[in-house]
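Please open the model in your viewer, with the sequence panel beside it, and follow the selections below in order. Each stop says what to select and what is to be found there.

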Amino acid sequence: MRLASYKRILVPKRPVGVVGAITPWSFLSAVLESKLAPALAVGCSLVAKPAARTPLSALALGVLVERAGIPSG
């Protein structure tokens with residue numbers, strides 16, 4: 001039995017631009033958080049467009065992000 005040789009691939013994590021997040025009315029906070037976390041992890045800005053029926057949960061999440069110390073913009 002022969003073992004396959006493996007190669008290591010490195011992927012640099014660098015900000016590449018602004019992330020646009022359009023969220024549905026259902027599970028708004030969960031969908032927005034799943035788009036926000038990877039963008040902030042690599043240093044990208046995020047522009048969120050919440051659903052017209054539930055905009056307050058996105059605004060509340062924005063307040064929490066500011067309180068956590070993440071700079072605006």
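Begin with the largest pocket, which has a volume of about 470 Å³. A pocket here is an open set of points on a 1 Å grid over the protein atoms alone, where a 1.4 Å probe fits and protein lies on both sides within 12 Å along at least five of seven lines, and lining residues have an atom within 4 Å of a point. Grid points are joined across faces, edges and corners, and the volume is the space filled by probe spheres set on the points. This is a predicted model, in which local features need pLDDT of at least 70 and side-chain atom pairs count only at pLDDT 80 or more, while totals for chains, interfaces and linings use all residues. Residues are numbered from 1 along each chain as its sequence is written, and side-chain values use heavy atoms, with hydrogens and water left out.

Now select Leu36, Leu46, Gly62, Val65 and Pro71, which among the 20 lining residues of the largest pocket lie nearest its centre. By residue type, the lining divides into 14 nonpolar, five polar and one charged, where Ala, Val, Leu, Ile, Met, Phe, Trp, Tyr, Cys and Pro count as nonpolar, Asp, Glu, Lys and Arg as charged, and the others, Gly among them, as polar.

Stay with Leu36, in helix α1. Leu36 is buried, with a relative accessible area of 15%; buried means under 20% relative accessible area, exposed over 50%, and partly exposed in between (1.4 Å probe, protein chains only). Leaving aside neighbours within four places in sequence, Leu36 is in contact with Leu46 and Val65, contact meaning heavy atoms within 4.5 Å. If you draw a distance between the C-alpha atoms of Leu36 and Leu46, ten residues apart along the chain, the separation is 6.9 Å.

Next, select the whole of α1, whose 15 residues reach 22 Å from the first C-alpha to the last, close to the 21 Å expected at 1.5 Å a residue; the expected span is 1.5 Å times one less than the number of residues. Show the side chains of Leu28, Leu32, Leu36 and Ala39, the buried residues of α1, and follow them to β1, β2 and α2, against which they pack.

Then select α2, which has 13 residues and reaches 19 Å from its first C-alpha to its last, close to the 18 Å expected at 1.5 Å a residue. Helix α2 is followed by Gly69, whose phi is positive, near 100°.

Centre the view on Ala21 and, not counting residues up to four places away in sequence, show what it touches: Leu32, Lys35, Leu46, Val47, Ala48 and Lys49.

Move on to Thr23, in the loop between β1 and α1. Is Thr23 buried or exposed? Thr23 is buried, with a relative accessible area of 7%, and, again not counting residues up to four places away in sequence, touches Leu28, Val31, Leu32, Lys49, Pro50 and Ala51.

- Val11 is in the segment before β1 (18–22) and is exposed, with a relative accessible area of 61%; Val11 and Ala41, 30 residues apart in sequence, are 14 Å apart in space, C-alpha to C-alpha.
- Val16 also lies in the segment before β1 and counts as exposed at 79% relative accessibility; its C-alpha is separated by 8.7 Å from that of Val42, 26 residues away along the chain.
- Arg53 lies in the loop between β2 and α2 and counts as exposed at 69% relative accessibility; the C-alpha atoms of Arg53 and Pro71, 18 residues apart along the chain, are separated by 27 Å.

Terms used: Helix = DSSP H or I, 4+ residues; strand = E, 2+ residues; numbered from the N terminus.
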